[in-house]
Amino acid sequence: MNGVQHLVLQFPKDNLYKLPSSFFTCFQIRHLSLHKCLINPPPAFKGFDKLVALELCEVTISSKFLVSLISYSPLLEQLVLQSSISGHIQIKAPKLISFDFTGSLKLISLMDVPLLAQLSLVDIDEGGSCDIAKFLESSPGLEHLHLNCYSVQFLASKIPKQLLSPLNCLKRLYLSDICLDDIDEASCVLRLIRSFPYLQDIEIQLHDSASGYDDVMEEIAGLESREVESFSDVTLNHLRSVKLTGIIGLTPEMEFIQLLLAKSPMLIRMLIEPGVGHNSPETRLKVLAEITKFRRASSKAEVVYKVA
């Protein structure tokens, strides 16, 4: 196996497979993907120094060895971790460009990732919080960021009105499984957007949370005034594209759309896709009529709302 450069191993979940000792002699390996297995290296193993891409999904591995495996891979550019980690992981990978993590953000620290450009953080733990500027201080060149509802709450809950060091490089923000009808979560989203003054592209996929509502525009309270007021001195001068998926016409959703349109003088296109199976065609037309009344800071802004 010494000449192997690309290796993908997937095993049944019910029978945890322990990697054989011969696996740890694949010193030429460059692309490695492991799913549902036990990784227990021999004491003398120091890692794969030619490794460029590493994917570990639902594997059993000690946090100590995982840290060593990453740090002993000086060429590592792509990293995917999708598993429950029992200990704290410090990511030290000076050539890392892309990192996709699913787990508890409380157990992850970005220590030395100066080239990191794409980051996906899907938190599965509802607890904890962190200053986003501190969390991302080792990735000054980050351009693309994906967060889900829990990672938004984890990273955005402690953001002050003005960051001491705005995160200027971020160009694209993708938020998934978001509930704008949850006031705390909506506040976190607004704080997060305010943290990235050079955003060009925002995409938000809303959580399917309002099943059963029809004439929903009056059902749920709007955004808290203090969060909207925090945007009074904010202009999204670089925002050009917005995509909102799962809109059903809740008051905070409509206020969020209104806010983005009013604060984005360079906006070219906003695409709004309604939630599936929630509200009637009449309600969707009502939503469309409301959106057309909103003031647009950009004379070139095209708002596309899919009624059908």
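A search of the whole structure, a predicted model, identifies 8 aromatic pairs, where rings of Phe, Tyr and Trp (its six-membered ring) are paired if their centres lie within 6.5 Å, and planes under 30 degrees apart are classed as stacked, over 60 as edge-to-face and the rest as tilted. The rings of phenylalanine 23 and phenylalanine 24 form an edge-to-face pair, because their planes stand at 85°, with the centres 5.0 Å apart. Phenylalanine 23 and phenylalanine 24 are both buried (under 20% relative accessible area, 1.4 Å probe, protein chains only). The pair of phenylalanine 99 and phenylalanine 101 is tilted, because the planes meet at 45°, and the ring centres lie 6.1 Å apart. Phenylalanine 99 and phenylalanine 101 are likewise buried. A cluster connected by ring pairs comprises Phe23, Phe24, Phe45, Phe48 and Phe65.

The secondary structure of the protein consists of 7 helices and 16 strands, assigned as DSSP runs (H or I, at least four residues, for helices; E, at least two, for strands). Of the 308 residues in the protein, 48% are buried. Among contacts (heavy atoms within 4.5 Å) with a separation of 6 or more, 62% involve residues 24 or more positions apart.

Residues are numbered from 1 along each chain as its sequence is written, and side-chain values use heavy atoms, without hydrogens and water. As the model is predicted, local features require pLDDT of at least 70 and side-chain atom pairs count only at pLDDT 80 or more, whereas totals for chains, interfaces and linings use all residues.

Definitions and conventions:
Buried means under 20% relative accessible area, exposed over 50%, partly exposed in between (1.4 Å probe, protein chains only).
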